[in-house]
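Subject: Structure handover

Hello,

Here is the structure I said I would pass on. Please open it next to this email and follow along; my notes come after it.

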Amino acid sequence: MENYDVIVVGAGISGMSFAHYAKKANQTVLVLEKSEHLGGSFHSSGIKDPKSNFWFELGAHTCYNSYSNLIEIMEDCGIVSEITPRAKVPFSLLVNNKVKSFVSQINFLEILISIPKAFSKKKEGETVKTYYGSILGKKNFKKVFSALFSAVPSQNADDFPADALFKKRERRKDILKSYTMKNGLESITSAIAKHNDLLVKYGVEIKKIEKQTDGFIIKTNNGDFKSTKLSLCTSVTSAPELIREVFPDLAEKISKIKFQKIESFGVVVPKEATGLKPFAGLVPLDDAFFSAVSRDTIPDENYRGFTFHFKPDILTPKEKIKKICTVLGITEDQIIESHERLNIVPSLRLGHYELVDEIDSLLKEGNLFLSGNYFAGLSIEDCVSRSKTEVERSMKV
Ligand SMILES: Cc1cc2nc3c(=O)[nH]c(=O)nc-3n(C[C@H](O)[C@H](O)[C@H](O)COP(=O)(O)OP(=O)(O)OC[C@H]3O[C@@H](n4cnc5c(N)ncnc54)[C@H](O)[C@@H]3O)c2cc1C
């Protein structure tokens with residue numbers, strides 16, 4: 001049976017950064033991924049035109065210079081030169097199918113009256129709704145900011161802990177403030193695999209995890225594998241299912257974290273098809289989607305790409321196309337390609353960090369390691385930082 005120091009389950013940025021750090025610590029690593037795709041929510045979809053290298057994002061789209069651990073990994077992999085600035089195009093609101101600026105929808109008098117509270121009000125223990133509703137005004141929050149903030153985690157963010165949505169981190173002044181990569185964010189996970197010469201097995205269905213005195217046996221549709229350490233870097237919904245038999249208490253705790261499904265639907269159209277001015281994102285005030293993210297941040301000569309992040313179980317694929325056509329002002333036959341992806345993200349609630357402490361105390365001193373976007377937060381850097389500290393812990397066990 002193949003034997004490794006570490007088996008990493010899940011090839012999103014959490015799993016790939018875990019594998020990177022483990023390789024750096026001279027561990028032998030095998031990555032098991034259930035889909036045929038490397039990168040998870042890093043999904044830069046290409047198009048069939050052989051003369052074009054047009055891509056658009058079906059998941060994550062932007063990195064920031066405060067993502068210091070991610071930047072360090074990119075330095076290790078020699079891809080910092082691929083960092084690409086995003087064109088300065090606006091995020092706008094969609095009101096009754098018309099594009100409007102945020103400013104046009106805000107009641108500034110209400111902000112003026114409410115904003116002094118920002119000096120005394122603390123984010124701790126407050127939800128996004130109670131904190132921002134208080135400092136921006138309840139009516140402004142309900143009308144504009146609730147939808148705007150919900151576009152950040154692609155789900156209703158009203159009940160998120162206020163201190164989890166926007167975090168302050170130290171910045172790397174030598175790196176662009178916000179950026180993507182020349183060939184999209186997926187090139188980061190691909191570069192990690194290449195740089196580390198990682199062995200990744202795709203299409204793997206894990207049938208059973210067995211705990212031994214000296215490690216784990218992972219039984220899959222693709223053979224059995226043995227490892228001293230096991231790292232689960234899957235979505236918040238998969239992790240408890242995988243460990244329910246071997247670590248039932250841990251599985252139960254993780255199952256307490258709520259989650260949201262996002263039906264992402266991306267389309268590519270000829271550049272001249274839509275009359276909409278270039279934009280980075282569109283946020284509807286009340287509609288079947290949380291946001292529409294565009295590729296206009298990296299303008300292309302021939303194409304424009306748009307990914308609509310739909311609320312789950314509302315529209316059929318046909319209805320989604322109809323909605324996209326209405327918003328973009330195009331006809332269905334102008335869509336050159338469409339790609340879909342189901343994203344799953346955790347829905348953080350007050351008390352989340354206490355729950356994470358309980359999960360961590362159950363993990364303590366064991367040889368199971370957990371990473372993902374349901375610990376410190378959803379951002380890319382939160383995932384990478386969690387993987388870093390888990391690998392550091394794994395080297396002490
Ligand atoms: C639409 C969207 C836009 C976003 N935009 C941004 C952004 O611009 N900037 C930012 O910082 N963050 C953004 N985020 C958040 C961030 O991208 C994600 O939190 C992060 O990429 C999650 O990475 P992950 O590896 O933890 O999980 P995932 O990317 O979900 O990867 C998990 C992997 O595990 C695999 N897997 C699951 N179960 C199993 C199993 N049983 N066996 C084997 N493999 C399994 C999955 O197939 C997947 O490949 C966005 C998220 C979404 C959904």
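Strands E5, E9 and E6 make an open sheet, in the order E5-E9-E6, with antiparallel pairing. Strands (E, at least two residues) and helices (H or I, at least four residues) are DSSP runs, numbered from the N terminus. Two strands pair if DSSP finds at least two bridges between them. At the edges of this sheet are E5 and E6 (83-85), each of which pairs on one side only. E6 and E9 (residues 178-181) run antiparallel and are joined by three bridges. Ile83 has Met181 in E9 as its bridge partner.

Two points about the source. This is a predicted model, in which local features need pLDDT of at least 70 and side-chain atom pairs count only at pLDDT 80 or more, while totals for chains, interfaces and linings use all residues. Residues are numbered from 1 along each chain as its sequence is written.

The seven-strand sheet

Another open sheet has seven strands in the order E8-E7-E15-E16-E17-E14-E18, and its pairing is mixed. Strands E8 (98-100) and E18 (337-347) each have a single partner strand, so one side of each is left without a neighbour in the sheet. From one strand to the next, the twist averages 25°. As background, strands of a sheet pair through backbone hydrogen bonds, either parallel or antiparallel.

Both senses can be seen at E7. Strand E7 (residues 91-95) pairs with E8 in the antiparallel sense over three bridges, whereas E7 and E15 (residues 281-284) run parallel and are joined by four bridges. On the E8 side, Leu94 has Val99 as its bridge partner, and Val95 stands opposite Lys98. E7 and E8 form a hairpin with two residues between them, and Asn96 in the turn has a positive phi of about 50°.

On the E15 side, the bridge partner of Phe91 is Gly281. These two residues are 190 residues apart along the chain, yet their C-alpha atoms are separated by 4.6 Å. Two residues are in contact if their C-beta atoms, placed from the backbone, lie within 7 Å. Not counting residues up to four places away in sequence, Phe91 touches Ala280, Gly281 and Val283.

Phe91 is partly exposed, because it has 16 other C-beta atoms within 10 Å.

Ile344 counts as partly exposed because it has 17 C-beta neighbours inside 10 Å. Leaving aside neighbours within four places in sequence, Ile344 is in contact with Ser235, Thr237, Phe259 and Lys261.

Helices

Two packed helices are described by the angle between their axes and the distance between the axes. Axes are lines fitted to C-alpha atoms, for helices over the stretch in contact, and angles run from 0 to 180 degrees between N-to-C directions. Helices H1 (residues 13-24) and H12 (residues 380-394) pack at an angle of about 35°, and their axes are 8 Å apart. The contact of H1 with H12 has eight nonpolar, three polar and three charged residues. Here Ala, Val, Leu, Ile, Met, Phe, Trp, Tyr, Cys and Pro count as nonpolar, Asp, Glu, Lys and Arg as charged, and the others, Gly among them, as polar. Phe18 and Tyr21 are among the H1 residues in this contact, and Val384 and Arg386 are among those of H12.

In helix H2 (residues 68-77), the buried residues include Leu70 and Ile73. The buried residues of H2 pack against H1, strand E5 (63-64), helix H7 (186-195) and H12. After H2 comes Gly78, with a positive phi near 70°.

Cores

A nonpolar core is a set of buried Ala, Val, Leu, Ile, Met, Phe, Trp, Tyr and Cys residues joined through C-beta atoms within 7 Å. Which residues touch the most other members of the largest one? They are Ile7, Val8 and Val29, out of 57 residues. H1 gives the most to this core, with six residues. Apart from it lies another core, of 39 residues, including Leu136 and Phe289.

Regards

How values were computed
A residue is buried if 20 or more other C-beta atoms lie within 10 Å of its own, exposed if 12 or fewer, and partly exposed in between; C-beta atoms are placed from the backbone.
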